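This report goes with a sequence and a set of coordinates. Please look at both before reading on.

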Amino acid sequence: MKQEFDVVVVGSGAGAMMAALRAHDEGLSVALIEKSDRYGGTSAVSGGGIWIPLNKQIKDDREAVLAYVRAAAQGQVADARLVAYVDTAHEMVEYLQQATRLRYAACHRYPDYYPQLVGAREGGRTMDPEVFDGGLLGEELARLREPSGSTLLMGKVSMTARDAHRMLAKEKGWKLLFAKLMLRFALDFRARKKLGRRTDRRLALGNALVAGLRHGLLTRQVPLYLETALESLLFEGGRVCGVVAAHKGERIELRARRGVVLAAGGFERNQALRDQYLPAPNQAAWGVTPPNNTGDALLAAQALGAATDLMQWAWWAPTIHVPKQAAQTGLFAERSLPGCIAVDGDGRRFVNEAKPYLEFVTAMYARHRENGKCVPAWLVFDADFRHKYPMGPLMPGQVAPDRKSWQGVVYWKADTLEGLAKEIGVNAAGLAATVARVNEDAASGTDRDYGKGGNVFDRYYSDASVKPNPCLAPIAKGPFYAMRLDAGDIGTKGGLSTNEDAQVLDERGAPIAGLYAIGNTSASVMGPSYPGAGSTLGPALTFGYRAARHLARPA
Ligand code: FAD
């Protein structure tokens, strides 16, 4: 098989689909290839949140945003890329909403991740997709990568990130909201039956994002070839002019008159590349992503002399192993809740537990470099915490009692702290001293060691009814619980070096003609940082949009 288009896009995550959508609307012919038999990649199982400074739903300040992203990027990102992001992300969202049926709402109270940096906002830059009617996709709905059960209420019912926050933080009206969502699901049984679906027809989070984009591509009749994996790039006359791919055992060539956009995710599922670049110890199996992102596009571009950056970084997130699940469960929010602490093998804390997930795992590695006892780390809480709050796969004890078969696998439990320490191989005296100190801090409201609950971000997922500090409570009532935290990730952060139009650069810093990279195939525009929820998908979409515009420019 041999075919020719203006543009070939490799991958089918959010950025890939945006690049294809925009390229089509620029008047170019375009096709996407996807290695898996499902489309959507990690984007489909994600929260679907996008970090969009200057979006129309808030009053933001360009200079403040620039100061913030510059401070976060710590001088490790070319300023032209940062400026391009800040000036284009909001335009991209307007285009997305005009070109598809997808709608985004600002999360007005979701703070930026680094409130201590100049230019940070207390909410509104993160945007969350509204639910999207999966029925609009017809037969294509069955080929959309399924959301993780942990993002659905009772494993079935869709909720937006704003809904999830209201329920987790037990805000006023949360019980009514829960009942409304359950009722909406129950009353929809006929539509579900027609579509042959067990889970909600209304899609939320990353599923809504990918479904909205897929619907946009379907209405434009843009082809998406599943089970078609990039193997190498065609390079002729000094430019990239297509791809060689494997399609169900057959070798095919897709030629691209204008160029190729690499949007095939990172290398998080390739253990050999992880061993080469990421800190040790690390395991692909500790991640939360689907299995296909093995760095194929990265390797294909490197074979043409492409440069890379930030290769030692991942979008880190602590994760928990749960038997029979395709991937581990990420702990994004619950660490902020009052009455849980994270400790190393000496029983000592090493971080403000409420810190953003990337910083949390970075702190795990920092302590591990010192004492070799922090990967894995342990999360410890008591019976009160267990009763009231969720923790990863554990729903609050008041609605879901301990599952016996998970004891010693997902959670560890003992009547005393000493017994718990023995169960998990942590120093008992160290743990006792840590808990005694934390309990004093819970009473005074000040975490003397790490300042948990000391800023607006920490308090976003806290319990406002707990005083004086909504992120601190004593760990006092047995039985005591522990959960093992692995140094997981939601994708890698390093990748191909690109410029402000997503063109891939060679070792001399010059663009490789006809070659573009976005999403986790490229080195993050955020440098080593994670400025706010949506800092991976926001840039993937924005640089997909910019790449398409650049491809459409007259030669
Ligand atoms: P992907 O979305 O993974 O797409 C890459 C695609 O390329 C895949 O479909 C893959 O199969 C395909 N592919 C791989 N190799 C080949 C090949 N050789 N040929 C053809 N195709 C190939 N980020 C946010 O910004 N906001 C959030 O709310 C958020 N929530 C998250 C929640 C969870 C649970 C997880 C796991 C991640 C979350 N993330 C979030 C991170 C975000 O999902 C990823 O960083 C993002 O989806 C990466 O996009 P991508 O296009 O680079 O890769």
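The text below covers the ligand site, a loop serine, a strand, a helix and the cysteines.

This is a predicted model, in which local features need pLDDT of at least 70 and side-chain atom pairs count only at pLDDT 80 or more, while totals for chains, interfaces and linings use all residues. Residues are numbered from 1 along each chain as its sequence is written, and side-chain values use heavy atoms, with hydrogens and water left out.

**Ligand site**

Around the ligand there are 34 residues, of which E34, S43, D296, N520 and L537 come nearest; a residue is near when one of its heavy atoms lies within 4 Å.

| Residue and its atom | Ligand atom | Distance |
|---|---|---|
| E34, polar side-chain atom | oxygen atom of the ligand | 2.6 Å |
| L230, polar backbone atom | nitrogen atom of the ligand | 2.9 Å |
| N520, polar backbone atom | oxygen atom of the ligand | 2.8 Å |

On its own the ligand has 1000 Å² of accessible area, and the protein covers 95% of that. Accessible areas come from the Shrake-Rupley method with a 1.4 Å probe; for residues, only the protein chains shown count as cover. Helix α2 (41–45) and strand β9 (228–236) each supply at least two residues of the shell, and α2 gives the largest share, 4 residues. Helices (H or I, at least four residues) and strands (E, at least two) are DSSP runs, numbered from the N terminus.

**S36**

The loop between β2 (30–33) and α2 holds S36. S36 counts as buried because its relative accessibility is 5%, where buried means under 20% relative accessible area, exposed over 50%, and partly exposed in between (1.4 Å probe, protein chains only). The S36 side chain reaches the backbone nitrogen of R38 at 2.9 Å. Neighbours within four places in sequence aside, S36 is in contact with R145, L226, E227 and N292; contact means heavy atoms within 4.5 Å.

**Strand β13 and its partners**

Strand β13 (residues 314–320) is mostly covered, with 7 of its 7 residues buried. β13 pairs with strand β18 (residues 480–492) in the antiparallel sense over 5 bridges, two strands being paired if DSSP finds at least two bridges between them. In that pairing, A487 of β18 is the bridge partner of P318. β13 also pairs with strand β14 (residues 329–330), again in the antiparallel sense, over 2 bridges. There, T329 in β14 stands opposite I320.

**Helix α5**

Helix α5 (residues 161–168) has D163, H165, M167 and L168 buried. Among the elements that cover the buried residues of α5 are α6 (174–187) and α15 (456–460). After α5 comes K170, with a positive phi near 50°.

**Cysteines**

How many disulfides does the structure hold? The number is 0, a disulfide being a pair of cysteine sulfur atoms within 2.5 Å. C374 is in no disulfide, and the nearest cysteine sulfur, that of C340, is 15 Å away. C374 counts as buried because its relative accessible area is 0%. C471 is likewise in no disulfide, and the nearest cysteine sulfur, that of C340, is 9.2 Å away. C471 is also buried, with a relative accessible area of 1%.

Conventions: Polar contact = N/O pair within 3.5 Å; in protein donor to acceptor, adjacent residues only side chain to side chain.
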